Amino acid sequence: MKLRENIYSVRAVDGDLRVLHGYQIPIGTTYNAYLVLDEKVTLIDFVKHDFAAELIRNITEIIGDRPVDYLICNHAEPDHSGALPEIVRHYPQAVVYATPSCLKELKAYYPESSFEGVAVKKGDTLSTGTYTFQFIPMPMIHWPDSMSAYLVQEKLLFSNDAFGQHIGTGELSDREISLEHLLSRAGDYYANIVLPYSVQVGKLLGAVSGLEIDMICPAHGVILEQHLSRVVAKYSDWCENKTIDNKVVIIYDTMWGTTHKLAERLRAEYTEKNCEVEFIQLSKAHVSYAMAHLLEAKYVFVGSPTLNNQAMPTVAAFLSYMRGLKPKNRIGCAFGSYGWSGESITQINEALTACGFEMLDPIKVMWNV
Ligand code: FEO
């Protein structure tokens with residue numbers, strides 16, 4: 001699919017995928033790869049292994065028998081690098097440009113593949129004839145090896161995982177979807193993948209702030225052009241853990257209904273205070289859905305009854321998942337019911353405290369309310 005003269009998307013759409021490294025993605029995803037034609041031909045990023053033949057077919061439909069000369073690998077995670085062995089088998093003369101750690105990871109993942117690698121660092125460039133790529137390392141967005149590539153003459157940023165969204169419904173550009181849908185999917189992605197690396201996102205925003213960018217071409221989801229500035233502004237807020245003062249999320253599970261009643265009381269109380277309340281029962285919704293709604297919430301209520309001296313497994317799993325994603329700057333509150341011991345409320349209180357949240361007094365009731 002042509003993006004501009006000489007610039008194509010050669011991506012694969014994985015619309016049926018529902019789970020990606022433990023994160024539930026309700027409408028699938030895409031693995032975006034881009035082809036840039038110049039005196040030399042450059043392929044930017046690849047696709048998951050299962051889609052390698054489709055990638056090669058997409059490339060050859062554009063360039064026929066012409067070889068690909070350069071491969072820019074922005075990130076070694078297999079959703080992007082999985083097709084590398086097939087690509088270097090098809091284009092054995094192609095040279096791989098990547099960060100030093102990415103090259104090491106590619107060699108470790110694909111020991112049977114033989115290719116020439118060039119390690120790049122901040123400020124290095126690659127000329128393909130009339131075009132110049134600038135490399136911008138962005139460690140930890142998403143792995144230590146990650147980088148972006150900026151195509152100077154076209155003002156395009158190939159941002160890999162940064163600014164992605166898991167949208168596998170076929171749209172190529174943000175012009176084809178509503179702003180609300182775009183921000184919802186970008187936020188879901190940020191909360192579940194990027195949030196722990198918010199400090200690094202701040203550095204990336206600083207590194208690209210001096211660049212003129214007409215289009216961001218991420219490795220997942222739609223290309224950002226019409227709403228580019230809105231997504232960048234959201235990244236700026238999210239990386240600082242800015243929250244919305246009247247946004248409340250109530251995340252809980254229940255056994256015989258008492259913790260549910262407490263959750264309902266909290267919902268009524270905060271709705272009465274003109275708050276926007278999201279209400280999530282973990283036996284009915286995935287932890288990643290809860291995280292997406294926590295992203296901008298100032299108040300985080302987490303509730304569970306006590307089961308065998310523990311929080312319910314759904315709630316314990318959520319707490320573990322949330323702590324790994326390192327949200328900050330919230331107001332937390334533990335709540336729940338119990339029959340005789342009541343450890344769950346203490347455990348939730350400790351977990352939220354360990355996130356650095358400012359804590360409200362726990363809400364704890366025996367048997368029923
Ligand atoms: Fe989309 Fe970190 O891989």
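Modeller: The structure holds one cavity of 30 Å³ or more, a cavity being a set of points on a 1 Å grid over the protein atoms alone where a 1.4 Å probe fits but cannot get out. The model is a predicted one, in which local features need pLDDT of at least 70 and side-chain atom pairs count only at pLDDT 80 or more, while totals for chains, interfaces and linings use all residues. Residues are numbered from 1 along each chain as its sequence is written, and side-chain values use heavy atoms, without hydrogens and water.

The largest cavity contains about 40 Å³ of space, where volume is the space filled by probe spheres set on points joined across faces, edges and corners. Its lining, meaning residues with an atom within 4 Å of a point, consists of L20, H21, E77, D79, H142, D161, H166, Y189, I193 and H220. Sorted by class, the lining of this cavity comprises three nonpolar, four polar and three charged residues (nonpolar: Ala, Val, Leu, Ile, Met, Phe, Trp, Tyr, Cys and Pro; charged: Asp, Glu, Lys and Arg; polar: the others, Gly among them).

Turning to the open spaces, the largest pocket has a volume of about 490 Å³, a pocket being an open set with protein on both sides within 12 Å along at least five of seven lines. Of the 22 residues that line the largest pocket, L183, S184, D188, A292 and H293 are the ones nearest its centre. Five elements each give at least two residues to the lining of the largest pocket, namely α5 (179–194), α7 (228–239), β17 (244–252), β18 (276–281) and α9 (287–294), helices (H or I, at least four residues) and strands (E, at least two) being DSSP runs numbered from the N terminus. Helix α5 makes the largest contribution to the lining of the largest pocket, with seven residues. The largest pocket also takes at least three lining residues from each of domain 1 (2–239) and domain 2 (248–366), the bounds coming from an automatic or database assignment. In its lining there are nine nonpolar, five polar and eight charged residues.

The second largest pocket holds about 310 Å³ of space, and of its 18 lining residues M255, T306, Y338, G339 and W367 lie nearest the centre. At least two residues of the lining of the second largest pocket come from each of α8 (258–272), β20 (306–307) and β22 (331–338). No charged residue is found in the lining of the second largest pocket, which divides into seven nonpolar and eleven polar residues.

Strand β1 runs antiparallel to β2 (residues 7–9), to which two bridges join it, and R4 has I7 of β2 as its bridge partner.

A further open sheet has five strands in the order β12-β13-β14-β15-β16, again with mixed pairing. Its edges are β12 (125–127) and β16 (215–218), each with a single partner strand, so one side of each is left without a neighbour in the sheet. Three bridges link β12 to β13 (residues 132–137) in the antiparallel sense, and L126 has F133 of β13 as its bridge partner.

Definitions and conventions: Pairing = 2+ DSSP bridges.
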